Amino acid sequence: MASEEKFTLSIGNNITGSPLSILGYRLSQGNGASLYIQGGTHGGEVTFLVFKMLYNFLKTNTNWAGMITLIPLAHPVSWNQRSYFYTSGKFNNYDGKDWNRSFPGNEEGSTSARISHILFSEAIKHDLAIDLHTTRTSKPFVIVGREDLVSYGTSSGILPTYLAPKASFNYPFTDAIDNSGKKGITLECGSHDSMDIEDIKLCFEAVLNMMRKEGLLKDKDINTKANSFVYTEYDTYFSPVSGFLEYINPLEKMVNKGDVLYKIHPSDSLDKIIDILAREDCIIMKYQRTHIATVGDEVVTTVVVKK
């Protein structure tokens, strides 16, 4: 049976004088590798149920060995940024910066830098760090920043793995982890502000497969999907006019070159509709989380299928 430690990482106090802290759970069982998993760096990115499933699994399963640290809601400030029924925690309302662009942080820096320093200092105690996020309207996928980590993505059970370019400054969490010599993986868990049970289960299974890959879990072989693929760049479609968007294709659909990708109803006309055609054979990866577009807004993100 796993041992458990529930702990807090202190940031300081908020303006009312109450403690500002991050809640964590550490589970240990036998001898093995160490794994750090965090989510909720951005307020509104709902990955909490993945952590609940992992927690219950680790508490009841005896086929894993090592130490696993769970930080379900890594950024208390971002989660308290709310406006009109909506949690808007992607960017810091104080300075406009992305909360996930200040790693490894600075204990004497800005609020964001201090929180990043606390999280990073905890994470680098582990062999592998996984960062859970969500993005726009999407299905789950994996992001890695190193060639040697691609196999963690392709064996995760989630179809696509994005081998992303490294940031040169203002590092996101996993880039900073990689730069430290440890292994960092981002798991995008589907759409923003969503609780899609199928996506949650898929991400839970993906983490278990990464545990198997790391040697933490030894219950069965990893079943890699035969049609999994790796990509290194996106193709983004921008709205040619201002108007209202009609998404006619499901996510992950293969769209042939010349087929209609999406439609726009221009706001300056009641009798016009524009069909936006696919430039290349592609797979739809992300839609904007809105049906409203100003000219030049990003609308659809695809991966070009190379033949």
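Leaving aside neighbours within four places in sequence, Asp-297 is in contact (heavy atoms within 4.5 Å) with Tyr-237, Phe-238, Ser-239 and Ile-292. The structure is a predicted model, in which local features need pLDDT of at least 70 and side-chain atom pairs count only at pLDDT 80 or more, while totals for chains, interfaces and linings use all residues. Residues are numbered from 1 along each chain as its sequence is written, and side-chain values use heavy atoms, with hydrogens and water left out.

Asp-297 sits in the loop between strand E19 (292-293) and strand E20 (298-304); helices (H or I, at least four residues) and strands (E, at least two) are DSSP runs, numbered from the N terminus. With a relative accessible area of 30%, Asp-297 is partly exposed, where buried means under 20%, exposed over 50% and partly exposed in between (1.4 Å probe, protein chains only). Asp-297 and Tyr-237 are 60 residues apart along the chain, yet their C-alpha atoms are separated by 8.5 Å.

Gly-258 is partly exposed, at 38% relative accessible area, and, neighbours within four places in sequence aside, is in contact with Leu-277 and Ala-278. The C-alpha atoms of Gly-258 and Arg-279, which are 21 residues apart in sequence, lie 6.4 Å apart in space.

We turn next to the interior. A nonpolar core is taken here as a set of buried Ala, Val, Leu, Ile, Met, Phe, Trp, Tyr and Cys residues joined through side-chain atoms within 4.5 Å. The largest such core holds 37 residues, of which Ile-37, Ile-130, Leu-187 and Met-211 touch the most other members. Helix H6 (residues 197-214) supplies the largest share of this core, with eight residues. A second, separate core has 17 residues, including Tyr-247, Tyr-262, Cys-282 and Tyr-287. Beyond its neighbours within four places in sequence, Leu-187 has contacts that include Ile-130, Phe-141, Ile-158, Cys-203 and Val-207.

Helix H6 also packs against helix H1 (residues 48-60), at an angle of about 50° and with the axes 9 Å apart. Axes are lines fitted to C-alpha atoms, for helices over the stretch in contact, and angles run from 0 to 180 degrees between N-to-C directions. H1 is therefore oblique to H6, since angles under 35 degrees count as roughly parallel, over 145 as roughly antiparallel, 65 to 115 as roughly perpendicular and the rest as oblique. On the H1 side, the residues that meet H6 include Leu-49, Met-53 and Phe-57, and their partners in H6 include Ile-200, Phe-204 and Met-211.

Some backbone features deserve a look as well. Most residues other than glycine have a negative phi, and most peptide bonds are trans. Phe-85, however, has a positive phi of about 65° although it is not a glycine. Phe-85 lies in the loop between strand E5 (82-83) and strand E6 (86-87), and is exposed, with a relative accessible area of 74%. Glu-252 likewise has a positive phi, near 70°; its loop runs between strand E14 (243-246) and E15, and Glu-252 is partly exposed, at 37%. A cis peptide bond, with omega of about 10°, joins Phe-103 and Pro-104. Pro-104 is in the loop between E6 and helix H3 (111-123).
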